[in-house]
Amino acid sequence: MKKIFPSILVATLLATSSCSVFQQPIKKIMGDKAQPEAVKTEKPAEDTQTQKETTVEKKKKRKPTTAQIDKAENTAVNHPSKPVAPVENPVDLTMTQALNGEWTIQEVHGQKINGDERPYVNFESSTGNFYGSNGCNILNGNFTVKSGNKIEFSNVISTMKMCENAPYEYLINTAIDQATGFILDKKGNESYLQLTSPGNSTPLLVLRRHNLDYLNGAWRVISIDGHRVTAADMKFVIDIPQLTIHGNAGCNIMNGQILIDPDQANSIQFNNLITTRMMCPDIQQETEFLVALEEVTNCADLGNGRVALRDNSGKDKIVILSIDPSAITKD
């Protein structure tokens, strides 16, 4: 049996014992010096309102001004500033209104157009539409008038009727398609419209429009061949857009049509006049009125609500005075 020396026994006990057995007494001996804690310094609490105001101020300082933003955008390499270009040739509403109404085509590519059934173009300024006739087929489409006397036709369509005698049909169609500008002129009571295109010294189309709108309305006859009229009921209505006349010839009801010669200035004619067949005491004056009305070929505005209806020689056949339309509708 081996002897166990005291020193070996002590070493064995030290090796097999848990370290925690010795840590507790060390902590008790060292106290707080073994693991010193960090010293904490607390800042005094700031007022909540003051803190919010400070935050807002910081945000304000960080936010760039409008000038700084503009400068940054204008000097940015990837996003250079681009000036806004002005609109070229804006729509000209004044000239659009000036073209409103029906225009008779007088010339196409320098060729004079004759005949009773004249080609025409009617501009509707309120809608931007136009319609007309090329001498055979009906045309429809849109038009736009722009500054600088520019005009553009678009969406033009046509009927497909075959006509034996329509020598200007193709020329009128191509003229409308090629037109880019216009010249508007007025001579007396007549207005003239030239449709033009670059490179053409001759107008593509020359159109004429009468200015007889002042004849629209109700009228009373005040003289026939220079003699004063005594029949108070000799009143009628002229409708230029519809080209009709209707009213009272002094005794009988009268209806008829109006013809405007596109080759004659201030032209107006009264055709196909028909009346009722009543007998009246002053029938002679009614007959004189109807005969004089058929001899009228032109007219002139005399001012003060008076218009002279004249014959080919320039003689005043009938002088009429503008009246309230209700004076006729009540009859």
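Modeller: The secondary structure of the protein chain comes to eight helices and 18 strands. Here helices (H or I, at least four residues) and strands (E, at least two) are DSSP runs, numbered from the N terminus. This is a predicted model, in which local features need pLDDT of at least 70 and side-chain atom pairs count only at pLDDT 80 or more, while totals for chains, interfaces and linings use all residues. Residues are numbered from 1 along each chain as its sequence is written, and side-chain values use heavy atoms, with hydrogens and water left out.

Biologist: Why is Phe 123 called buried?

Modeller: Buried means under 20% relative accessible area, exposed over 50%, and partly exposed in between (1.4 Å probe, protein chains only). Phe 123 has a relative accessible area of 2%, so Phe 123 is buried. Phe 153, at 13%, is likewise buried. Across the protein chain, buried residues make up 31% of the 331 residues.

Biologist: What makes Phe 123 and Phe 153 a tilted pair?

Modeller: Rings of Phe, Tyr and Trp (its six-membered ring) pair if their centres lie within 6.5 Å; planes under 30 degrees apart count as stacked, over 60 as edge-to-face and the rest as tilted. The ring centres of Phe 123 and Phe 153 are 6.4 Å apart and their planes stand at 40 degrees, so the pair is tilted. Phe 123 lies in strand β3 (residues 120-124) and Phe 153 in strand β6, so the pair ties together parts that are 30 residues apart in sequence. A search of the whole structure finds four aromatic pairs, and Phe 123, Phe 130, Phe 143 and Phe 153 form one aromatic cluster.

Biologist: What makes a group of residues a nonpolar core, and which residues have the most contacts inside the largest one?

Modeller: A nonpolar core is a set of buried Ala, Val, Leu, Ile, Met, Phe, Trp, Tyr and Cys residues joined through side-chain atoms within 4.5 Å. The largest has 29 residues, and Phe 270 and Phe 289 have the most contacts inside it. Among the elements that give two or more residues to this core are β10 (217-224), β15 (269-275), α7 (283-295) and β18. Its largest share, four residues, comes from α7. Apart from this core lies another, of 24 residues, among them Val 108, Phe 123, Phe 130 and Val 145. In soluble globular proteins, nonpolar side chains tend to be buried together.

Biologist: What is Phe 270 in contact with, leaving aside its neighbours within four places in sequence?

Modeller: Contact means heavy atoms within 4.5 Å. With those neighbours left aside, the contacts of Phe 270 include Ile 238, Ile 245, Leu 293 and Leu 309. A further example is Ile 323, which is found in strand β18 (residues 316-323). The C-alpha atoms of Ile 323 and Trp 219 are separated by 5.4 Å, although these residues are 104 residues apart along the chain. Trp 219 is also one of the contacts of Ile 323 when neighbours within four places in sequence are left aside.

Biologist: Why does Asn 211 count as buried?

Modeller: Asn 211 has 18% relative accessibility, so Asn 211 counts as buried. Asn 211 lies in the loop between β9 and β10.

Biologist: How do you know that the side chains of Asn 211 and Ser 191 make a polar contact?

Modeller: A polar contact is a pair of N or O atoms within 3.5 Å; within protein, one must be able to donate a hydrogen and the other to accept it, and residues adjacent in sequence count only if both atoms are side-chain atoms. The side chains of Asn 211 and Ser 191 make such a contact at 3.1 Å.

Biologist: What places Lys 187 over the face of Tyr 192?

Modeller: A charge sits over a ring if NZ of Lys or CZ of Arg is within 6 Å of the ring centre and within 35 degrees of the ring normal. Lys 187 lies over the face of Tyr 192, at 5.3 Å from the ring centre.

Biologist: Why is Asn 272 called exposed?

Modeller: Asn 272 has a relative accessible area of 54%, so Asn 272 is exposed. Asn 272 is placed in strand β15 and has a positive phi of about 55 degrees although it is not a glycine. Most residues other than glycine have a negative phi.
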